Amino acid sequence: MSSVNFKDPTEEDFLGILSLIFWTLTLIPLIKYVFIVLRADDHGEGGTFALYSFLCRHLKFKSKLTIQDTKLPSDASMRYYTQGSAIKSKTKNFIEGSPSFQNLLTFVVLLGTCMVIGDGALTPATSVLSALVGIQSLSAKITQSYVIVMSVVLLLALFLFQRFGTSKVGFSFSPIMLLWFSSNVMVGIYNICKYYPPVLKALSPHYMILFFVRNGMAGWAILGAVFLCVTGGEAMFADLGHFNKTSIQMAFSTFVYPALVITYAGQTAYLIKNPGDMSTAFYSTIPKAVYWPMFIIATLSAIVASQSMISASFSIVKQSLALGCFPRVNMKHTSSKYEGQIYSPEINYILMVICIALVVGFRDGVQIGNAYGVVVIWVMIITTCLVTLVMLVIWDVNFLLIIAFFVPFIIIEGIFMTSLLSKILVGGWAPFAISFFFLIIMLSWTRGRSKKTAYDAERRLKSAELNEMLSNNSLHRPPGICFFCTDLVNGIPPIIRHYIQHTGSVRQIMVIVTIRTLPIKSVLPEERLDVGQLGVDGVYRCLVQFGYKDSPSLEGDDFVASVVAKLSEIAESAEEAETLRGAMEKGVVFVTGRTILKSKESNGWLDRFVVDKVYRFFQKNSRSAVASLKVPPGKTLQVGMLYEI
C-alpha cells in the first residue's frame, strides 16, 4: 500500500485498489500457480530450470546453445527417466526442427534464471529496509540515514551468517511465518471493525472496473504497486522441491490467501478514514499497544523471506553448475542431514555487495520495490510461456483449454509489465543490470563449453588409432589405473593421444570417465555408473551420471572401488576381473582436462594437461615420470613441464 502513489484518493478509489489487489491475488498466485503451474513439475522440482529440463526430456534439442542435448540408448532402462512424448504435433515438430527457436528458448530460460538469482539481492534489500522503516516512529530524530545504517548492519550479519547454514535457525522459520500471518489477520480484523466494516464489498470486481473508468491512465500507473502483493508467487513455484504440491495448495488456499485478503482489507479500511497515512500504511494501521511486537515480528519475517531467496539463489546456481551453464564456484554443504542446504562463498559475497549497494544507492524501499516488481513480472511471463509449451507438446491438453490459460494470463501479466516498465527510471533498471551481469557470465560459459565439446568431438580418436599407439614397443605400460576425465560422452577423447605423445607412458588399465548430468532431479545409486569396453584391450568407458540436484563427486577410494567393481561385473573372464582389482592396488592416477597455451617459441599452440589427485604411487621398475613423482593429494601438476624436472 505504501508504494501506491495516488493523489487525493477517495473512498471509491481505495475500494477500487482493494478490488485490484484481491483479484490479482486470486488470479495469479491462487489460480495460475497453486492450481495449474504447480502441476508442471519435474520430478517434484519447480522453477524455470525444472520446466526447461521437463521439455528437454520430451523434445530432441539440436541447438549448440542447448544446456542438455545428450541422449543415449541406455537412458531407456533408467527409472524415473521419462521417455520422449509420443504426442506428434506441429508445435513439437517445429521446435525440434528449429535450432533458432531452441536457442531462443534456452536464452529465455537463462534470462529467467538470472532474474531469480538477482532476487537473492533484491528480496533482502526491500524486505529488511521496509521492515526497519518502522523504527522512525520511535523518534523524529531517527532519520532515513539511521535506517540505512541499521539495514546495512543487519544485511551484513545475514550474509555473513550464510556460511553456517540455515539448519541452526531453520526450525524457527515456520513459527515466525505463522505468527506473522496470524498477527496481520488480527490487526486487519481490528481495523475493519473499527474503521470501515463494509470494506469487504470491494471484493466485487465492479469496483475495480469503476476505478479504471474513473481514473484512466492514473489507475494504470498504480498497477506496478498493486503487483507487489503477488511477487512471492514465482518463489512459491521455485521452492516446490522443498515441499509437495498438496501441502502448498492447502497452506496457501486455506491460510495464506485469506490472511492476505484480510490484511489488505484492514489496511484499506484504515486508509479510507486516514488517507494521509498512505506512505506509511503498514505501520500506521498497527494499534499502538502492539506496535513494537509487530515491528519485531515484521523484522524477523523479513529475515526469513531474505534467507529463503538467498538459499534459492545458491540452489539455482548449483543446478546451473550441474547443467554446465555456470562457471565453477565452490559449493559447500552446510548440513549432513539435508542435501539441499548448500552455500557458495563467491555467490554469497556477490549478492551481499549488490544488496548493500541497492540499499545505500536507492535509500528508499519504494524504489527498490519498483525494481523487485519489474524482475518478478518478467519471470512470471516466462513461466506462463513455458507452461503453455508443456501443455502443447507434453500434456496433450485440448487447444481451447490452452488458449484459456495462455491468453488471459499473458494479457494480465502484460498489462502489469507495461505499468512496471514506467518504473525503469526510478529503480526498475536495477534488476535488468543485475540479470544481464549474470546472463553474460552464463551465456559465455554455456557457449564456451559447447565449442569445447565440438572441438573434442572433431578430434576424437578411432579405436584403430588407439590400438596402434598402445601396440608401440617404445610405450611403457606400468601397472595401475589411469582415469582420463573428459566432457566427451561418445568416443575416445583427444587428450589420450596428447598424453601418450608427451609422456611415452600410460597405465595398463585406462578408464575414460565422463560426468554426465541428466535432466532429472536425481539418479538412483544403482544407476550412477554406466560402464563398458571400448574394443581395445585394457580400455574402458565409464559414465558417471547425476541429476541436477545431486552433488557430483569423484572423491576418495570409494569411487575407484565402485568403478572397478562395476567393470568386474562386465569382465569377459575371471582373469580380466582379477587384473582390474590388482591394478587398483598398484596405483591410481586421474588426468583431468586440457588447457591450450600459446607457445612463443613455435608460434603455435602447445597442449598441456593436468594430473590431479594421485592417490598412490608404486616405486619399482618405474619409467613413467608421472608415476615416480611425489604429488600431495589435491595438488596439480602440468605434464608438459615434466621434461624440465
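Modeller: Asp8 is placed in the segment before helix α1; helices are DSSP runs of H or I of at least four residues, and strands are runs of E of at least two, numbered from the N terminus. The model is predicted, so local features need pLDDT of at least 70 and side-chain atom pairs count only at pLDDT 80 or more, whereas totals for chains, interfaces and linings use all residues. Residues are numbered from 1 along each chain as its sequence is written, and side-chain values use heavy atoms, with hydrogens and water left out.

Biologist: Why is Asp8 called exposed?

Modeller: Its relative accessible area is 62%. Exposed means over 50%, buried under 20% and partly exposed in between, with a 1.4 Å probe and protein chains only; Asp8 is therefore exposed. Asp8 also has a phi near 50°, a positive value in a residue other than glycine.

Biologist: What makes Gly16 a buried residue?

Modeller: Gly16, in helix α1, has 0% relative accessibility and therefore counts as buried. Leaving out residues up to four places away in sequence, Gly16 touches Tyr207, Met208 and Phe211, a contact being heavy atoms within 4.5 Å.

Biologist: How do you know that the buried residues of α7 are on the same side?

Modeller: In helix α7 (residues 205-215) the buried residues are Tyr207, Met208, Phe211 and Asn215. They cover an arc of only 100° around the axis, and therefore lie on the same side of α7; the arc is that of the directions from the helix axis to the C-beta atoms. An α-helix has 3.6 residues a turn, so residues three or four places apart point the same way.

Biologist: What is on the other side of α7, and what do its buried residues pack against?

Modeller: Ile209 and Val213 are exposed on the other side. The buried residues pack against α1 (11-34) and α8 (217-221). Just after α7, Gly216 has a positive phi of about 60°.

Biologist: Why are α1 and α7 called oblique?

Modeller: Their axes cross at roughly 125° and come within 8 Å. Axes are lines fitted to C-alpha atoms, for helices over the stretch in contact, and angles run from 0 to 180 degrees between N-to-C directions. Angles under 35 degrees count as roughly parallel, over 145 as roughly antiparallel, 65 to 115 as roughly perpendicular and the rest as oblique. The pair α1 and α7 is therefore oblique. Residues that meet in this pair include Leu15, Gly16 and Trp23 of α1, with Tyr207, Met208 and Phe211 among those of α7.

Biologist: What makes α4 roughly antiparallel to α13?

Modeller: Helix α4 (residues 99-132) packs against helix α13 (residues 291-322) at about 170°, the axes being 8 Å apart. That angle makes the two helices roughly antiparallel. Among the residues in contact are Gly120 and Val128 of α4, and Ala302 and Ile316 of α13.

Biologist: Why is Tyr52 counted as buried?

Modeller: Tyr52 belongs to helix α2 (residues 48-56); its relative accessible area is 1%, so Tyr52 is buried. Its C-alpha atom is 7.0 Å from that of Val109, 57 residues away along the chain.

Biologist: What makes a set of residues a nonpolar core?

Modeller: The members are buried Ala, Val, Leu, Ile, Met, Phe, Trp, Tyr and Cys residues joined through side-chain atoms within 4.5 Å. The largest such core has 145 residues, with Leu25, Leu55 and Phe227 having the most contacts inside it. Helix α15 (residues 365-395) supplies the largest share of this core, 18 residues. A second, separate core has 22 residues, including Cys485 and Leu580.

Biologist: How many residues does the protein chain have, and what share is buried?

Modeller: The protein chain has 645 residues, and 54% of them count as buried.
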